[in-house]
Amino acid sequence: MTGAGAPRPSLPPLRDVIARHGLAARHSLGQHFLLDGNLTDRIVREAGNLTGRHVIEVGPGPGGLTRSLLASAAASVTAIELDRRAIGAVKELAETAGGRLRVIEADALTVDCAAVVPPPRQVIANLPYNVASPLLVGWLRQAASFERMTLMFQQEVAERICAAPGTSAYGRLSVLAQWLCDARVVMRIPPDAFTPPPKVWSAVVSLIPHAEQPDPALFKRMEMLTATAFGQRRKMLRGSLRAIGGETLLGQAGIAADRRAETLTVAEFDRMARLIEIA
């Protein structure tokens, strides 16, 4: 039984869907299709109880994860897809979904996801590799709009999102994500699970927004601060932050000027961001 209380409809094998719609994966679109229903079902389970939730999926491709989302208790699924070939495949799936699946043909980077579905909202997606990081930063800007995000990235990117201070992976994306959300890796998936196999492992990250979120002005300051600090990560902070206050800012925040960006905690970045003045 599906989470919605109806039997999962009989659907053609995903490989047949790919062949019928000429859906050979395109490197230019960052496409690697996950066809194993056991894995896509597990990703959906990592998102928690979806009863009454409105789910946004980006880059559904032939619809593997979409099928698992429709088999959950989600109130609706909105799939955003740029590839016209995949649009045909997912619209075909929508015909079996009883009105619970909507397909939007668009570049997800241009879509205000919080505006296209009502709350409570979640984003659950196997993200196209080539736009995964900018998509995440865009959603973090409006993190308060989402109950949770369950997102697949290249493992290297997933590890950067969840990295601890003092590690080589820790950087701007780590600070932004952890400042706004509880972020953790919940699954790792080998290359041979995909069609075609990527050259790297993938990983699913669960991001649950904190109850309290910064206002847009503070987010803008944090974006500027982290971009400046990590833009010259080999430099001491007195040098890398010179353009936005340097030693004066560091002194006000109680942070030693000879430290480097990767040693700062998220709380220390927050402290500095709140002290920055933007004209």
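**A closer look at one helix pair**

Tutor: Happy to! Let's begin with the residues that touch: from α8, Arg172, Val175, Leu176, Trp179 and Leu180 meet a set in α9 made up of Leu218, Phe219, Met222, Glu223, Thr226, Ala227 and Phe230. Sorted by class, this contact between α8 and α9 holds 9 nonpolar residues, 1 polar and 2 charged. Keep in mind that the model is a predicted one.

Now for the geometry. Helix α8 covers residues 172-180 and helix α9 covers residues 216-231; the two pack at an angle of about 155°, and their axes lie 9 Å apart. Because angles over 145 degrees count as roughly antiparallel, α8 is described as roughly antiparallel to α9. As for handedness, the crossing of α8 past α9 is right-handed.

Stepping back to the whole, the protein chain has 12 helices and 9 strands. Its radius of gyration is 20 Å, close to the 19 Å given by the globule rule for 279 residues, so the protein chain is as compact as a globular protein of that length. Along the principal axes, the C-alpha atoms of the chain fill a box of roughly 65 × 35 × 30 Å. Buried residues account for 51% of the 279 in the protein chain. Finally, take the contacts in the protein chain between residues at least 6 apart in sequence: 68% of them join residues at least 24 apart.

Terms used: Residues are numbered from 1 along each chain as its sequence is written. This is a predicted model: local features need pLDDT of at least 70, side-chain atom pairs count only at pLDDT 80 or more; totals for chains, interfaces and linings use all residues. Side-chain values use heavy atoms; hydrogens and water are left out. Axes are lines fitted to C-alpha atoms, for helices over the stretch in contact, and angles run from 0 to 180 degrees between N-to-C directions. Helices (H or I, at least four residues) and strands (E, at least two) are DSSP runs, numbered from the N terminus. Angles under 35 degrees count as roughly parallel, over 145 as roughly antiparallel, 65 to 115 as roughly perpendicular and the rest as oblique. A crossing is left-handed if the near helix is turned anticlockwise from the far one by less than a right angle, and right-handed if clockwise. Contact means heavy atoms within 4.5 Å. Ala, Val, Leu, Ile, Met, Phe, Trp, Tyr, Cys and Pro count as nonpolar, Asp, Glu, Lys and Arg as charged, and the others, Gly among them, as polar. The radius of gyration is taken over C-alpha atoms; the globule rule is 2.2 Å times the number of residues to the power 0.38. Buried means under 20% relative accessible area, exposed over 50%, partly exposed in between (1.4 Å probe, protein chains only).
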